[in-house]
Amino acid sequence: MVTRSTFMSFYSFLFTRALTTLIKQNRKCFTPSSGKDFTTPSYPLHYDLKRFVDCELRGKGCEASSDLSAGSLHYFLTGPDKFQSTSGVFPPPDTVEWRDLWIGQDEELHFEKPQHSNNAYVDFDVDPKATTGLVSRWNLVQHLMKRPVTYEEMYTKDTRSFSLTFESSKLERSMRMIGSALVEFQFEILDDGYDATIFAYLEDVDSETGKVVYVTEGQVRASHHHVVEADSVGSIDSVVRSYRRKDLRKLGSGSSTLISFSLEPIAYEFPKGHSVRLRFTGADAQNFYIESIDGRSKWWRVYHDQTRIRLPVSE
């Protein structure tokens, strides 16, 4: 899949690389994505970035300054909307564990694996017009103009009309996730296609008001062969793909396939009384160009038994 903004991808790659490269002389920062008022870091972020570029490209200023905590890591916790600090890698490995939510019948999402009848499933017709809208995380213009990305336009519509949706019961207590969620999606192609584009969205639902808040998302082309390294809880590298043509694996009709992929990393706190919602679509029309993908299926059968989302939860 190719995003519509090549420049955005290049810019995003450079910026993320600069913030997350693990070198002793520089700190890392994961910044807000809640769409709320902008929160200013309490430390000299731009000073760090300049020092990183000077060190990596010019070979100057690589020594750690006395006014900075060299090697520390800072990330923004959405919900409480505050910066957290830790050391080492993201997410903090000693405080995060997988918590699984399984899809079930009647569009439910369960914290315990339900006892399904044999091969329980739901069929899904892909809507090629499904989209998160032009004002999205993928459009660099919104970020340059400091325009909050809240997906309000998307949530004014009935998302169930173009999505496969599953929602949990109300949370009995707040739940904090830190890192990248892992999606395991078991499905079967029902038409004559041999590939699929799968988009997944994690959302926070206020059960009282019905308001929906976008948390994060992930997408994958199903034919890309992958290896799961689930021991790395919450890591963006929990699933490894080469994205090389030689590693493509065509999917066939008549048998199910388990596809794993990671969602974009975030630190987010679901409030008590809210619900967790997981949505699947087969397109994001205004942000990803997928028409050039040969053999793209538009009719799926999604199996309940093995389809789940694994949240990296911090107690």
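By class, 1 nonpolar, 3 polar and 2 charged residues line the second largest cavity of this protein. The model you are looking at is predicted, and its pLDDT averages 81.

- The structure contains 2 cavities of 30 Å³ or more.
- The second largest cavity holds about 30 Å³ of space.
- Which residues line the second largest cavity? They are Thr131, Thr132, Gly133, Glu153, Met154 and Lys157.

**Two residues in the loop between H4 and E8**

- Look for Ser163 in the loop that runs between helix H4 (152-155) and strand E8 (164-167).
- Is Ser163 buried or exposed? With a relative accessible area of 7%, Ser163 falls under the 20% cut-off, so it counts as buried.
- The side chain of Ser163 has two partners to find: at 2.8 Å it reaches the backbone oxygen of Thr159, and at 2.6 Å it makes a polar contact with the side chain of Arg279.
- If you set aside neighbours within four places in sequence, Ser163 is in contact with Phe124, Arg279, Phe280 and Thr281.
- Thr156 also belongs to the loop between H4 and E8.
- Thr156 is called exposed because its relative accessible area is 64%, and the cut-off for exposed is over 50%.
- Along the chain, Thr156 and Val212 are 56 residues apart, and their C-alpha atoms are separated by 9.7 Å.

- Asp81 is not a glycine, yet its phi is positive, at about 55°.
- You can find Asp81 in the loop between strand E3 (72-78) and strand E4 (82-87).
- The relative accessible area of Asp81 is 23%, so this residue is partly exposed.
- Glu107, another residue other than glycine, has a positive phi near 60°.
- Glu107 sits in the loop between strand E5 (96-103) and strand E6 (109-110).
- Glu107 is partly exposed too, because its relative accessible area is 38%.

**A residue in a strand**

- Where is Thr257 placed? Thr257 is in strand E15, which covers residues 257-262.
- Thr257 has a relative accessible area of 24% and is therefore partly exposed.
- Not counting residues up to four places away in sequence, Thr257 touches Phe185, Gln186, Phe187 and Leu251.
- Thr257 and Ala222 are 35 residues apart in sequence, while the distance from C-alpha to C-alpha is 9.0 Å.

**How confident is the prediction?**

- In this protein, 78% of the residues have a pLDDT of at least 70.
- Which element has the lowest mean pLDDT, and which the highest? Strand E2 (residues 28-30) has the lowest, at 44, and strand E17 (residues 274-281) has the highest, at 97.
- Over residues 5-39 the pLDDT stays under 50, and the model has 70 contacts beyond four places in sequence for this stretch.
- Residues 65-70 also have a pLDDT below 50, with 10 contacts in the model beyond near neighbours in sequence.
- A word of care when you explore such stretches: where pLDDT is low, the predicted coordinates should not be read in detail.

Technical notes. Residues numbered from 1 in each chain as written. Predicted model: local features only at pLDDT ≥ 70, side-chain atom pairs only at ≥ 80, totals over all residues. Heavy atoms only, no water. 1 Å grid on protein atoms, 1.4 Å probe; cavity = no way out; pocket = protein on both sides within 12 Å on 5 of 7 lines; lining within 4 Å. Points joined across faces, edges and corners; volume = space filled by probe spheres on them. Nonpolar A, V, L, I, M, F, W, Y, C, P; charged D, E, K, R; others polar. Helix = DSSP H or I, 4+ residues; strand = E, 2+ residues; numbered from the N terminus. Buried < 20%, exposed > 50% of the residue type's maximum accessible area, 1.4 Å probe, protein only. Polar contact = N/O pair within 3.5 Å; in protein donor to acceptor, adjacent residues only side chain to side chain. Contact = heavy atoms within 4.5 Å. pLDDT = per-residue confidence, 0-100.
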